[in-house]
Amino acid sequence: MNIAERIDSIFSEDGTLSTLPQFEFRPQQRAMALAIATALEKKGHLIIEAPTGVGKSLAYLIPAILHAVQKKRKAIVSTHTKNLQEQLFKKDLEIVKSMIGREFDAVVFKGRRNYLCTTRLRNALQQQRQLFDTAESEELLRIQEWSETTRDGDVESLPFTPSPTVWQQVCSEKGACSTGLCGAHCYFQKAKIRAREASLVIINHALFFTLFAMQDSEEFFLYKDDFVIFDEAHTLEAVAGLGIGKSISRAQVMFAIHRLYNPKTKKGLVSKIRVKHYRQLCEEAEEAATAFFEEVQMAANALGPRSNTLRIRTPRFVADTVSGPLHNLQKGIKELEEEEKTKISKEELAAAKRLVWEAEVLIQEFLAQPDAGMTYWVEISTGRYSNVQLHAAPTSIAESIAPKLFKEGTSVIMTSATLSVEGSLEYYQRRLGASSAGTLILDTPFNFWKQMRVALAKPMPPPDDPSFEEALPGWIHRSVARSQGKALVLFTSSVLLRKIAHQLQDRLESDGLTLLVQDGKRSRHALLEEFKSDIHSVLFGLDSFWMGVDVPGEALEHVIITRLPFSVPDHPLVESRIELITKRNGNAFFEFTLPEAVLKFRQGVGRLIRSKTDIGMITILDSRVLSKQYGRVFLQSIPRCPVEILTSQGVEEVEEF
């Protein structure tokens, strides 16, 4: 039986899946699985929009594993969120094993700093006096105890949250943790071996593109004879750019120096040696780094004082006063490495020297701006942990990544619930440079005509009108009252969210409704859990609530969109991508700004109907969906359903919009 026949025998109406409780035959799921099996067999690329409810996890896992096992290839499944990774590994793979009737190895693989390195732990224990204070030494001993019982050495299974100072001395690190140094006893080396031998490796997008950027071979992505499936593929462009980009921050530079010697705590690898010269080099490097990043911050504030991110368009916008002291520090550590009598681990010295070298190179590259295809910017974070970061990322993913990612001889499968604009995947293909990929848009298994309705607020002033903010609290209150709470209210501005929350707090409480606000005081997870458990609540959310939120049932029956989610072109990457389109005589609004807003809008709308039994309403308080010609693009991008026009007098039913 070939793979296509196996797929049919599993996903058909009376197939193997039908033996599971609560099974429901979905032709879309079967079509998706068959399309993926065909693409893998032909070593082709494929983009699939699979709406919520299709059951896409099983639709790609089963053909991927059947193909991997039969052809002795490795399946890499990459996700954006940790929640989906856990669902795949702990729940879906058990179903897959029962469906295909054979064993296979699957692992979740993380970045190396998530794993304990036994060699570095041993080095840290030997050098406790140089590296740690009393409390940190006690923590180190607790990690040692844990190391003797842990199965995977993953920091997430540690029964307490370690301090960064201690964990950074014992986790796997390039140069100090390798096959030659550690052998098979190190937890990271074990994880690497398991990943190399497994039929399926589950990874996240950020790590995939970080490793992808380091991969020299043109024959495979991460391993020989591999192929990759990206779930939650709507985030690929954003993640890929940062993954293959480069960044260096003041905090990273200080960590590199302080690992050798911290003048304030008197701790570090060289803190106990008699020769003061090495500590002086660290002090000089620290002073130079402090002055350099202060100069960067001052220059950035002078150029653009209103934003925490500022694009740097000209090379050497500040003088390079830090490379020299960092280089001198490297030379000094190299001398120390060559001394035969030193008691300090030479591997730790080499790894520390490497961090200083990387800091020097990245700062020099940022100041020189050698690559015209990159966007360079400074990010300044204020508050409790202030920091200055220098970033560089490719302006165009289609030009920088696509030639290597969408190569011949293997397969890239991309899937998400929201990838199309106006019923076409052309925009997504263009952004990623995936013109060679096949496309498939699946129907929704839900009956949106019966499950959802859309309400449009016609009298609302447009968002650029000063009276918009005055009218918004009343319209939100009126909308929430229609569903008696159970509402997720989506904002695009944190300032406006806080302002409206303050104005509506008492009114909603007097209505017997709990107002939950994403204002930074509580975690996103805590807000979501309370919202799920309290059906008499209203949640005001920002960017992270537009996607990845799953609240089936009565707790969420109303999604209120306060404003169409056009991104303000204030982020340097967005600004440079718009400029690139304009330089090519394109229309940046229709080629980038509008499609991006439509995709995010679809994500927001997608929070409402999560199962066949869900019912609810979408209310759009941005009147541009009615007054602007492009408003139709938003409305035509969501499933057909009854539409209501909200007027000052009441509700006007619209048969078809």
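The lining of the second largest pocket splits by class into seven nonpolar, two polar and nine charged residues (Ala, Val, Leu, Ile, Met, Phe, Trp, Tyr, Cys and Pro count as nonpolar, Asp, Glu, Lys and Arg as charged, and the others, Gly among them, as polar). The model is a predicted one, with local features needing pLDDT of at least 70 and side-chain atom pairs pLDDT 80 or more, while totals for chains, interfaces and linings use all residues. Residues are numbered from 1 along each chain as its sequence is written, and side-chain values use heavy atoms, leaving out hydrogens and water.

A pocket here is an open set of points on a 1 Å grid over the protein atoms alone, where a 1.4 Å probe fits, with protein on both sides within 12 Å along at least five of seven lines; lining residues have an atom within 4 Å of a point. Of the 18 lining residues, Phe89, Val108, Lys110, Asp152 and Asp154 sit closest to the centre of the second largest pocket. Helices (H or I, at least four residues) and strands (E, at least two) are DSSP runs, numbered from the N terminus.

Elsewhere, Val253, Phe255, Ala256, Arg259 and Leu260 of α13 meet residues of α16, including Glu348, Leu349 and Ile363 (contact means heavy atoms within 4.5 Å). The residues of this α13–α16 contact come out as eleven nonpolar, no polar and two charged.
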